[in-house]
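Here is a short briefing on one protein model. It covers loop residues, a pocket and a surface patch.

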Amino acid sequence: MTTTASTSATSTAAAPAANARDLALAHYAARGVLEHVLARHGVTFQEQVTLRAALTSDTPLTPEDLLAQILGSLKADPSDIRATLDALLAKELLVADGAHLRPTEAGRELFAAIGAEVGPVSARIWGGIPAEDLAAAGRVLALVTERADAELAALTA
């Protein structure tokens, strides 16, 4: 037992430091899994992110609020986000309710079905990673996001 723990600690300590390429590869690997599931449900990644934002908001969002939130998350072209909103309305996954967009029952059901399918896969991907490693990764990813957002803001100012 001692040898296994020692070997495990050694291999963890000897692991190379993460870099931008590693981050990108992990993102695209996980996104590839999600997009495979989404394709079976006839939904794009951007549609799923937008639907999630509408479903998880504490208050109903206007189209402009939703656009701003998705722009902040995905850094996508605003015209692409507007097209995504139009697609979600056309698929009757969102509905206009006065000045706000609300998820429909079909939108809620689709989101739940996707979550039910992706949940076990996510558990297999993330399962067994020590909490302290996840906490460290969370801190690093938050810092990378903050810095990248600042660089993008400077480039687009």
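**Loops, pocket and patch**

K75 is found in the loop between α4 and α5 (78–90). Helices (H or I, at least four residues) and strands (E, at least two) are DSSP runs, numbered from the N terminus. This is a predicted model, in which local features need pLDDT of at least 70, side-chain atom pairs count only at pLDDT 80 or more, and totals for chains, interfaces and linings use all residues. Residues are numbered from 1 along each chain as its sequence is written, and side-chain values use heavy atoms, with hydrogens and water left out.

**Loop residues with positive phi**

- Most residues other than glycine have a negative phi.
- K75 is not a glycine, yet its phi is positive, at about 55°.
- K75 counts as partly exposed, at 37% relative accessibility; buried means under 20% relative accessible area, exposed over 50%, and partly exposed in between (1.4 Å probe, protein chains only).
- E92, in the loop between α5 and β1 (94–97), also is not a glycine and has a positive phi of about 60°.
- E92 is exposed, with a relative accessible area of 56%.

**The largest pocket**

- The largest pocket has a volume of about 2100 Å³, a volume being the space filled by probe spheres set on grid points that are joined across faces, edges and corners.
- On a 1 Å grid over the protein atoms alone, a pocket is an open set of points where a 1.4 Å probe fits, with protein on both sides within 12 Å along at least five of seven lines; lining residues have an atom within 4 Å of a point.
- The lining has 44 residues, and L23, A26, H27, W126 and L141 lie nearest the pocket's centre.
- Helix α2 gives the most to this lining, with 12 residues.
- By class, the lining has 29 nonpolar residues (Ala, Val, Leu, Ile, Met, Phe, Trp, Tyr, Cys and Pro), 9 polar (the others, Gly among them) and 6 charged (Asp, Glu, Lys and Arg).

**A nonpolar surface patch**

- V33, I125, W126, I129 and L134 form a nonpolar patch on the surface, with about 420 Å² of accessible area together (Shrake-Rupley method, 1.4 Å probe).
- W126 lies in helix α6 and is exposed, at 52% relative accessible area.
- V33, in helix α2, is partly exposed at 31%.

Technical notes
Patch = residues over 30% accessible without salt bridge, like charges linked within 9 Å, V, L, I, M, F, W, Y side chains within 5 Å. Salt bridge = Lys/Arg side-chain N within 4 Å of Asp/Glu carboxyl O.
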